[in-house]
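Please walk through this structure one part at a time. Keep the sequence and the model side by side as you read.

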Amino acid sequence: MFGKGLIKGLGITGKHLFNRKVTEFYPEQKPVLPPRTRSSMYLDVPKCTACGICANTCPNNVITITSGKDENNKRVLTGYTMDTGRCLFCGLCTEACPSKALHTTTEFENAVYVKDELLWDMMKKYKADASKQEEGKDNG
Ligand code: SF4
Ligand code: SF4
């Protein structure tokens with residue numbers, strides 16, 4: 001049994017010895033992650049109805065939502081924060097969202113030096129992403 005595992009291991013090592021070497025030039029070149037990678041969250045704010053289902057679904061109490069009423073007495077989202085330091089990126093909240101407003105994304109450079117910065121204001125993030133996209137359009 002020991003011999004079989006050793007031969008298998010050596011076989012894998014041998015295979016990699018003769019494979020073409022790949023050097024990734026990160027951070028100059030960003031790796032393309034598999035499309036199903038879950039490493040960040042995105043809230044499409046206009047689609048969110050502030051129903052709170054995502055917050056109730058989350059096993060780690062990551063999501064905090066506040067809402068108010070507009071002039072037509074319709075519920076509107078006033079605040080949406082995620083404490084991403086506690087987030088498992090399990091995707092339960094995104095699956096539960098009836099409006100398809102919440103998504104996981106492949107964005108992965110989320111490291112911070114200060115713990116408080118792990119608390120994401122998703123409405124601010126949405127606005128920042130929207131203005132970045134606008135800038136991109138303006139620059140060509
Ligand atoms: S991905 Fe999982 S842990 Fe993170 S907010 Fe959603 S349900 Fe909670
Ligand atoms: S479940 Fe969807 S629509 Fe409801 S509060 Fe969460 S993100 Fe918004």
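This is a predicted model. Begin with a pair of strands. Strand E3 covers residues 75–83. Strand E3 pairs with E5 in the antiparallel sense, over 3 bridges.

E3 and E5 belong to an open sheet of 3 strands. The order is E2-E3-E5, and the pairing is antiparallel. Which strands stand at the edges? They are strand E2, residues 63–69, and strand E5, residues 119–121. Each has a single partner strand, so one side of each is left without a neighbour in the sheet. Neighbouring strands here are turned against each other by 20° on average, direction ignored. As background, strands of a sheet pair through backbone hydrogen bonds, either parallel or antiparallel.

Stay with E3 for one residue. Thr78 is found in this strand. Is Thr78 buried or exposed? Thr78 has 12 other C-beta atoms within 10 Å. A residue with 12 or fewer counts as exposed, so Thr78 is exposed. Leaving out residues up to four places away in sequence, Thr78 touches Thr66, Ser67 and Gly68. Take Gly68. Thr78 and Gly68 are 10 residues apart in sequence, and their C-alpha atoms are 6.3 Å apart in space.

Next comes a helix. Helix H4 spans residues 122–138 and lies across E3 and E5. Helix H4 runs at about 60° to E5. How many of the 17 residues of H4 are buried? The number is 1, so H4 lies largely in the open.

Turn to the ligands. Ligand 1 is surrounded by residues including Cys58, Cys87, Cys90 and Cys93. Also among them are Thr57, Asn60, Val62 and Phe89. By class, this shell has 9 nonpolar residues, 3 polar and no charged. Around ligand 2 stand Cys48, Cys51, Cys54 and Cys97, among others. Ala50, Ile53, Ile65 and Leu102 are also among the residues there. The shell around ligand 2 divides into 9 nonpolar, 3 polar and no charged.

Some backbone details remain. Most residues other than glycine have a negative phi, and most peptide bonds are trans. Ala50, one of the residues around ligand 2, has a positive phi of about 60° although it is not a glycine. Ala50 sits in the loop between E1 and helix H2, residues 53–57. With 18 C-beta neighbours inside 10 Å, Ala50 counts as partly exposed.

Lys100 also has a positive phi, near 55°, and is not a glycine. Lys100 lies in the loop between helix H3, residues 92–96, and strand E4, residues 102–105. Lys100 has 10 C-beta neighbours inside 10 Å, so it counts as exposed.

The last stop is a peptide bond. Tyr26 and Pro27 are joined by a cis peptide bond, with omega about 10°. Pro27 is in the loop between helix H1, residues 2–18, and strand E1, residues 40–43.

Notes: Residues numbered from 1 in each chain as written. Chains lettered and ligands numbered in written order. Predicted model: local features only at pLDDT ≥ 70, side-chain atom pairs only at ≥ 80, totals over all residues. Near = placed C-beta within 6 Å. Nonpolar A, V, L, I, M, F, W, Y, C, P; charged D, E, K, R; others polar. Pairing = 2+ DSSP bridges. Helix = DSSP H or I, 4+ residues; strand = E, 2+ residues; numbered from the N terminus. Axes fitted to C-alpha atoms, helices over the stretch in contact; angles between N-to-C directions. Contact = placed C-beta atoms within 7 Å. Buried ≥ 20, exposed ≤ 12 C-beta atoms within 10 Å, placed from the backbone.
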